[in-house]
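Here is a short tour to read with the model open beside you.

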Amino acid sequence: MQLWRFVRFEVETGCGFPLEITEIHRFSERDPAAFATYWAERRALTKAMPCAAVIRPEGSQEAGS
């Protein structure tokens, strides 16, 4: 039941965002230094919770890691 709540929250939250996460990843390619903290935090989250790494756009800093 907890997993269901988590997934539901993620879907509802994601659908409410004005930007798709892949758009943020594209922005990060333009200015890697400005997004260094984002990528570091994302790597830490992915390491702690592998199921959180669902979206890995081709060419992103995480691809293949």
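Is Phe 6 buried, partly exposed or exposed? At 36% relative accessibility, Phe 6 counts as partly exposed; the classes are buried for under 20% relative accessible area, exposed for over 50%, and partly exposed in between, using a 1.4 Å probe and protein chains only.

A word on the ground rules. This is a predicted model, in which local features need pLDDT of at least 70 and side-chain atom pairs count only at pLDDT 80 or more, while totals for chains, interfaces and linings use all residues. Residues are numbered from 1 along each chain as its sequence is written, and side-chain values use heavy atoms, leaving out hydrogens and water.

**The overall fold**

The chain has 3 helices and 0 strands, giving the pattern α-α-α along the sequence. Helices (H or I, at least four residues) and strands (E, at least two) are DSSP runs, numbered from the N terminus. Of the 65 residues in the chain, 14% are buried. The chain exposes about 5,300 Å², and carbon and sulfur atoms supply 62% of that area; accessible areas come from the Shrake-Rupley method with a 1.4 Å probe, and for residues only the protein chains shown count as cover. Among contacts (heavy atoms within 4.5 Å) with a separation of 6 or more, 24% join residues 24 or more positions apart.

**A nonpolar patch**

Back to Phe 6, which lies in helix α1. Together with Leu 3, Val 7 and Val 11, Phe 6 makes a nonpolar surface patch of about 360 Å². Patches are made of residues with over 30% relative accessible area and no salt bridge, where like charges are joined within 9 Å and nonpolar side chains (Val, Leu, Ile, Met, Phe, Trp, Tyr) within 5 Å.

**Salt bridges**

How many salt bridges does the structure hold? There are 2, each counted when a side-chain nitrogen of Lys or Arg lies within 4 Å of a carboxyl oxygen of Asp or Glu.

| Salt bridge | Closest N and O atoms |
|---|---|
| Glu 12 and Arg 8 | 3.0 Å |
| Glu 23 and Arg 26 | 2.8 Å |

Glu 12 and Arg 8 sit 4 residues apart in helix α1 (residues 2-16), so about one helical turn separates them. Glu 12 is partly exposed at 49% relative accessible area, and Arg 8 is partly exposed at 46%. The other pair, Glu 23 and Arg 26, lies in helix α2 (residues 21-30), with 3 residues, about one turn of the helix, between their positions. Here Glu 23 is partly exposed with a relative accessible area of 28%, and Arg 26 is partly exposed with 44%.

**An aromatic cluster**

A pair of aromatic rings is described by the distance of the centres and the angle of the planes. Rings of Phe, Tyr and Trp (its six-membered ring) pair if their centres lie within 6.5 Å; planes under 30 degrees apart count as stacked, over 60 as edge-to-face and the rest as tilted. By this rule the count is 2 aromatic pairs. The ring centres of Phe 35 and Tyr 38 are 6.5 Å apart with their planes at 90 degrees, so this pair is edge-to-face. Tyr 38 also forms an edge-to-face pair with Trp 39, at 5.1 Å centre to centre and 75 degrees between the planes.
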